[in-house]
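Work through the exercises below with the model in view. Each task is followed by a solution in steps.

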Amino acid sequence: MGVRATPALPKRTGSWDSDMTYHSLYEDDDDKKTFFVAESGVGDLEGSREKPKIALTKRFSWLHPLVHLLPVGVTLGILQLSLRWVYLDDDTRYDTRWQAVLQFPAKVHEILVVGSLSAMVLHIFRRMLVNSKGIPLGLMVGAFQIGSAEYLISKSFVKPLRHSLMHGQYKTFLVAVALGLAILFSFLVGPASAGALIPVLAWWDMPRPFNDSLPLTSYIGRSTSELYPLTLQRSSINPDCLGDDWDYQGCPAEGYNVLVDWAWTRVKERYRYNVTEGQHYNPVMLSSFSGQVQREIVTELMAAKNSSTAAAITATLHSSALALTDALWHYISSNVVGKINKVKHPKLIVSRDTPVSIPLVQVQCVSYDYGKARSGNPPLTFETSAMVDDFSNSGSNTYSWMDWVVPDAEWNFTRPLNITKVRWVDAASIKGTQGDPLHASLAAIVTVPKSYQFTLASGPKIPDQRSFTSPCIIDARWATTDVTFDTTDVVVGTSLTDWLNSANLLTGDVDVRAKLSKWKISDPIAISPDWAATLNTVNITTPAADQGIYLGLDFVERLIQEFVNVREQDDGTVNLDFYPSSGQTTPADIANDLAIILSTTIADWLSRSTFRDTNFTTVLSAPAGPDGAVSTVDLLIQRSPNAFRTAQPAALLAADQTPVVFRVQRYGWGYGLNTDTIWFSVVILLMHAFLVAVYFAYSFVFWLRAKGWTSNAWGTIGEFVALAVVSPPADELRNSGAGIHHSRTWMTELRIREAGADPERLELVVGRRHGMVVPTDNMVRIDKAYA
């Protein structure tokens, strides 16, 4: 059986050179069309066909800007919540289900903003389509994919981007980059909308926490110079704190028992808990008012790469600030004073206008074998390389490069080898190796026992009682810092102690001076040896069970003795051995522990140095009457009717009063500019508003021009596909029915023109049809309707 030949199909004008080519059917091809009529009987197709429309118009439509103004309006509405610091409710009362509900309007806002971006891109690309040069096929596809991450890695975007850059088509390259940035920007809109619309859980300032908008100003009954003295002598000690009354409430040495427990615990931590240096617990001192609120004494070791030992640095809240905070909060919580009484979780913060200072103490020691030092020729020197002298970034730190000679008379004399002793030395008597004066607060020579064993050639081990001499430099200052009291906690903290508590300064990589420069730090406090000796030489009653090596010791010696072990030898002799908390027995470890003990003790003494007999007063009313009298309460006796008085403002502002104003914050849900997330949201959303403003200005200026126009044509992918379907085929897209691979294909320019044979129609011109299409011919006309 033969094969029947297939008749050749006639070729169409403008078709490809293939035998079977798809070509769109126009009105004059009605005889080749097949019409499907619905069974419902709707047979009049003329009535259902599209009517001619104007593609470009000079007429300005006020509805068109709504696609941009609506999301911008919503943006401004959302952002005003943060700009006005709107507070919703306290944490315990807020229904967290709102967090999920608010995701929906955030998503709607994202859709509106992305729609606005798409409209801006389409307007610009629409201009390129009707202009002479056109727009590459790959980029035109992206106009309908704003928000699509897949498009950014697709060939339709990557190939035009790379091709235009490699071939010097920089205008096309910039258009591609702008399109890519618009798509990337659309990715950020969603998180920005959610970040701006969903409230955050944080601390929020209360603008008027007290009745009559009063700040409830409090006063510490001492002048600033008394509260933070820069000179301390024996005469500075309250007479009530001398002799057997040294441990009275408010006296500098009142913290003795707490510090003894701290020293004991630090020793026990060495082998019971295996803690690292940064894990040691901080001693806490209770408020003298309620005995419930506390302050921490925070001590850390800081190392320097050019120093053989580390320096101890200690900070703690001033006892007067602790007592004032405790007493004020007790008054607030016990009386109706304003909106703060309704807050579930408030925090008190000392205002920046009335800052509080706290003691900041540095101590560095270096340990020498007493026997070897006496037989050696070089003089003993103090070590200060790990300490900071000048706390400004511009000054010179003389501590880091100077050596200081230990006065020979302070240590070079005969004494027992098994004693623990502290000698206080006037810092003014210490000179550098070149005769330079030492600008520190105080110095100390600490003696501790050390026990070794050496083995004879015959085999027996012989105990060897030795002694170590440790010269120490003490640098004490006042540091201005903020004070915060979370009323659900028991510790009143400061930013300085919080930083010190979290810092790891032993690596030697931290620029301590730069870190501390953000706090205002005073010159060194001049501490006389008799002030330290008086506080140290107290009449300590030692229980019978603790007598022995602890009997007759003074304050600091008693703390040091907690680190001393009793070693009984086979021959019945007893040696004493200072064993550092690090578990290592090197001279550097001995020096580090002594520095920690001294800095902790001196900081606590300074905190209480002027606390005894200090009064605390709070103003309860605005000035009234011709003399401007105000109502006040004596916080220390606030439960007594005698606590409430009338005072003149001038008396409260006298030189012997230090004002302290507390701000109030509450913990809950709200809007503000206090997080990085909200700033990200503000920047992203305002960038869109800025783009809209620029776009409006650009569009308006273009519309005012003689050839300017507006248009809603080809605004969807469906309309663009419809235009492509009714347009002639393009030889440039041959073999692209199953995909496009070449960059040149994606770079093919698209233009919209009047049809050459029928100027009443529009068609999508792909490329130039072998040079037959002139880019400036058959341009789309303004206010002309096209079929």
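**Exercise 1: the second largest pocket**

The largest share of the lining of the second largest pocket, nine residues, comes from α7. The model is predicted, so local features need pLDDT of at least 70 and side-chain atom pairs pLDDT 80 or more, while totals for chains, interfaces and linings use all residues. Residues are numbered from 1 along each chain as its sequence is written, and side-chain values use heavy atoms, without hydrogens and water.

Task: Which elements each supply at least two residues of this lining?

Solution.
- Step 1. On a 1 Å grid over the protein atoms alone, a pocket is an open set of points with protein on both sides within 12 Å along at least five of seven lines; lining residues have an atom within 4 Å of a point.
- Step 2. The elements are α3 (103-130), β3 (135-136), α7 (170-197) and α18 (676-704); helices (H or I, at least four residues) and strands (E, at least two) are DSSP runs, numbered from the N terminus.

**Exercise 2: a residue of α7**

Task: Is L181 buried or exposed?

Solution.
- Step 1. L181 lies in helix α7.
- Step 2. Buried means under 20% relative accessible area, exposed over 50%, and partly exposed in between (1.4 Å probe, protein chains only).
- Step 3. L181 has a relative accessible area of 53%, so L181 is exposed.

**Exercise 3: the second largest cavity**

Task: Which residues line the second largest cavity?

Solution.
- Step 1. In a cavity, a 1.4 Å probe fits but cannot get out.
- Step 2. The lining consists of S82, G195, A196, I198, V200, G670, Y671, G672, N674, T675 and I678.
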